[in-house]
Amino acid sequence: MLRKDLHEVNRISWNKATEAHNSHKREQAHFLKNGSSTLFAEEIELLGTIQGKRLVHLQCNAGQDTLSLASLGASVTGVDISDTAIDFAHRLSQESGIPANFEQADVYDWFENRSESDDPFDIVFVSYGALIWLSDIKEWAIGVASVLAPKGKLIIMEFHPFAMVFKEDWSLGYPYFAEGNVLHWSDGVGDYVADTPALAPSGYEPGFENFVNPFPVNEFQWTLSEIVTAVIEAGLTLRVLKEYPYANGAKLFEGMEEKAGGRVYPPAKVPSLPLMYGLVAEKDSI
């Protein structure tokens with residue numbers, strides 16, 4: 001069931017967290033202007049060549065990845081519910097000289113407000129911690145299909161929902177099958193950039209210290225099968241589904257170790273398990 005009221009609560013929490021996240025990232029405009037990128041190898045592999053493609057990055061946050069995609073030659077639009085994030089993305093685009101279009105909206109409203117005359121996209125891109133903010137995965141997938149051109153692709157690079165059953169100390173704490181129940185967190189979106197300097201490739205600085213978000217958030221747990229089924233039922237054909245035993249740029253749990261390429265692995269005492277997945281689905285040509 002669509003819960004835009006809870007999305008609005010999340011927007012407020014994300015506004016506060018975005019300020020903390022960007023306080024740790026040094027000279028981002030200079031970093032991007034000089035041709036550097038915030039993208040990881042795994043999403044570049046799934047994307048393939050995007051030169052000349054029309055791409056929309058849903059839930060784009062503050063635009064760093066969106067502008068990195070634009071630097072690869074795509075014509076990009078970034079959409080995010082946080083006005084603080086979109087304001088920052090606009091400034092980052094101007095200061096870096098990398099052109100992009102950014103729109104502030106609840107993604108469901110953005111789908112609804114597109115007219116038949118709006119050009120479709122060749123690629124819908126979604127990455128890292130985006131799907132847990134969606135209160136209706138089926139409606140989201142329908143919306144994605146509606147904005148894709150024939151032969152257009154949905155590309156997802158996400159943290160694996162199975163990993164979300166663990167508490168920070170790797171003990172079991174949360175359901176994999178949420179059955180539509182909302183997970184409410186009174187402490188809001190945290191400062192995960194402070195925990196993982198790899199998320200500040202332009203250079204890390206202390207910024208906000210001991211950040212505590214006063215605004216709560218609500219998450220929606222979707223199983224891998226629920227996500228894949230929603231995509232297929234929306235009329236897209238699954239082309240790729242990959243799982244990874246590490247998480248790019250994210251120390252999700254205690255004792256995780258960052259290795260080459262920004263890949264963060266569980267400690268040796270934890271068995272190998274899926275922490276991330278990639279998905280490519282294509283819209284039919286007719």
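Tutor: Let us start with burial: a residue is buried under 20% relative accessible area, exposed over 50%, and partly exposed in between, with a 1.4 Å probe and protein chains only. This is a predicted model, in which local features need pLDDT of at least 70 and side-chain atom pairs count only at pLDDT 80 or more, while totals for chains, interfaces and linings use all residues. Residues are numbered from 1 along each chain as its sequence is written, and side-chain values use heavy atoms, leaving out hydrogens and water.

Student: Is Ser68 buried or exposed?

Tutor: Ser68 has a relative accessible area of 1%, so it is buried. This residue lies in helix α4, residues 64–71. Helices (H or I, at least four residues) and strands (E, at least two) are DSSP runs, numbered from the N terminus.

Student: What does the side chain of Ser68 reach?

Tutor: A polar contact is a pair of N or O atoms within 3.5 Å; within protein, one must be able to donate a hydrogen and the other to accept it, and residues adjacent in sequence count only if both atoms are side-chain atoms. Here the side chain of Ser68 reaches the backbone nitrogen of Thr38 at 3.0 Å and the backbone oxygen of Gln64 at 3.0 Å. For contact in general, heavy atoms must lie within 4.5 Å. Not counting residues up to four places away in sequence, Ser68 touches Leu32, Ser37, Thr38 and Leu39.

Student: Which residues of helix α9 are buried?

Tutor: In α9, residues 224–233, the buried ones are Leu224, Ile227, Val228, Ala230 and Val231. They lie on the same side of α9, because they cover an arc of only 160° around the axis; the arc is that of the directions from the helix axis to the C-beta atoms. These buried residues pack against α7 (137–147), β5 (148–159), β8 (236–244) and β12 (276–283).

Student: How many salt bridges are found, and how should I read one?

Tutor: Side chains of opposite charge can pair when their charged atoms come close. A salt bridge is a side-chain nitrogen of Lys or Arg within 4 Å of a carboxyl oxygen of Asp or Glu. A search of the whole structure finds nine. One of them joins Glu42 to Arg263, with the closest N and O atoms 2.8 Å apart. This pair links distant parts of the chain, since Glu42 is in helix α3 (residues 41–47) and Arg263 in strand β11 (residues 263–265), 221 residues apart. Glu42 counts as buried at 2% relative accessibility, whereas Arg263, at 28%, counts as partly exposed.

Student: What is the strand order in the open sheet?

Tutor: Two strands pair if DSSP finds at least two bridges between them. The open sheet has seven strands in the order β3-β2-β1-β4-β5-β12-β8, with mixed pairing. Its edge strands are β3 (101–104) and β8, each of which pairs on one side only. Strands β2 (residues 75–80) and β3 run parallel and are joined by four bridges.

Student: Which strands does α4 lie across?

Tutor: For such angles, axes are lines fitted to C-alpha atoms, for helices over the stretch in contact, and angles run from 0 to 180 degrees between N-to-C directions. Helix α4 lies across β1 (54–58), β2, β3 and β4 (121–127), running at about 170° to β2.
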